[in-house]
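Please keep the sequence and the model at hand while reading.

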Amino acid sequence: EHSDFNKIKIAAAGGIECVVVAMRGHTGSEEVQKQACEALSHIASRVANNKIKIVEAGGVESVLAAMRGHESSAGVQEHACFSLESIATDNDECRRQIAEAGGIER
């Protein structure tokens, strides 16, 4: 699909790392965190290699930090959940990384 091709191109151009850097640089901005989580969700969706790149770039930790930093923001929580779901879908290693990063409370 054309959309998946674009996601691969975004990742190859360093887009994932740029999103994670933006999240780390603007932890207090609810809007940046929400939009970054949404971007990671879309980039991860249906592209297995992008899921791995997000994990390697520290994206899971950044998403979880956004959730902790903006607990009262329904938008951040919603997009962060979608992001974690997209990263975890059909990828056991990514699910393990999410769990190890504290994304699943026991």
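Predicted model: local features only at pLDDT ≥ 70, side-chain atom pairs only at ≥ 80, totals over all residues.

## Packing of H6 and H7

In what follows, a helix axis is a line fitted to C-alpha atoms over the stretch in contact, and the angle between two axes runs from 0 to 180 degrees between N-to-C directions. Helix H6, residues 74-88, packs with helix H7, residues 92-100, at an angle of about 140°, and their axes are 7 Å apart. Angles over 145 degrees would count as roughly antiparallel and 65 to 115 as roughly perpendicular, and H6 and H7 are therefore described as oblique to each other.

On the H6 side the contact is made by Leu84, Ile87 and Ala88, while H7 contributes Cys94, Arg95 and Ile98. By class, the residues of this contact comprise 5 nonpolar and 1 charged, with no polar residue.

## The two sides of H7

Within H7, the residues Cys94, Ile98 and Ala99 are buried. Seen down the axis of H7, these buried residues fall within an arc of 140°, so they line one face of the helix. The buried residues of H7 pack against H4, H5 and H6, whereas Asp92 and Glu100, on the other side of H7, are exposed.

At the start of H7, a side-chain oxygen of Asn91 comes to within 3.1 Å of the backbone nitrogen of Glu93. Just after the helix, Gly102 has a positive phi of about 95°.

## The buried side of H4

In helix H4, which spans residues 48-56, the buried residues are Asn50, Lys51, Ile54 and Val55. These residues cover an arc of only 140° around the axis, which puts them on the same side of H4. H4 is followed by Gly58, and the phi of this glycine is positive, near 85°.

Gln33 belongs to helix H3, residues 30-44, and counts as buried because its relative accessibility is 2%, below the 20% cut-off. Leaving aside neighbours within four places in sequence, Gln33 is in contact with Ala22, Met23, His26, Thr27, Ser62, Ala66, His70 and Val76.

Ser62, found in helix H5 (residues 59-69), is likewise buried, at 7% relative accessibility. Not counting residues up to four places away in sequence, Ser62 touches Val20, Met23, Arg24 and Gln33. Between Ser62 and Thr27 there are 9.0 Å from C-alpha to C-alpha, although the two residues are 35 residues apart in sequence. Ser73, in the loop between H5 and H6, is buried with a relative accessible area of 4%, and a polar atom of its side chain lies 3.1 Å from the backbone nitrogen of Val76.

Most residues other than glycine have a negative phi. Which phi does Arg46 have, positive or negative? Arg46 is not a glycine, yet its phi is positive, at about 65°; this residue lies in the loop between H3 and H4 and counts as exposed, at 52% relative accessibility. Asp90, in the loop between H6 and H7, also has a positive phi, of about 60°, without being a glycine. With a relative accessibility of 75%, Asp90 counts as exposed.

Notes. Residues numbered from 1 in each chain as written. Heavy atoms only, no water. Buried < 20%, exposed > 50% of the residue type's maximum accessible area, 1.4 Å probe, protein only. Helix = DSSP H or I, 4+ residues; strand = E, 2+ residues; numbered from the N terminus. Arc of directions from axis to C-beta. Parallel < 35°, antiparallel > 145°, perpendicular 65-115°, else oblique. Contact = heavy atoms within 4.5 Å. Nonpolar A, V, L, I, M, F, W, Y, C, P; charged D, E, K, R; others polar. Polar contact = N/O pair within 3.5 Å; in protein donor to acceptor, adjacent residues only side chain to side chain.
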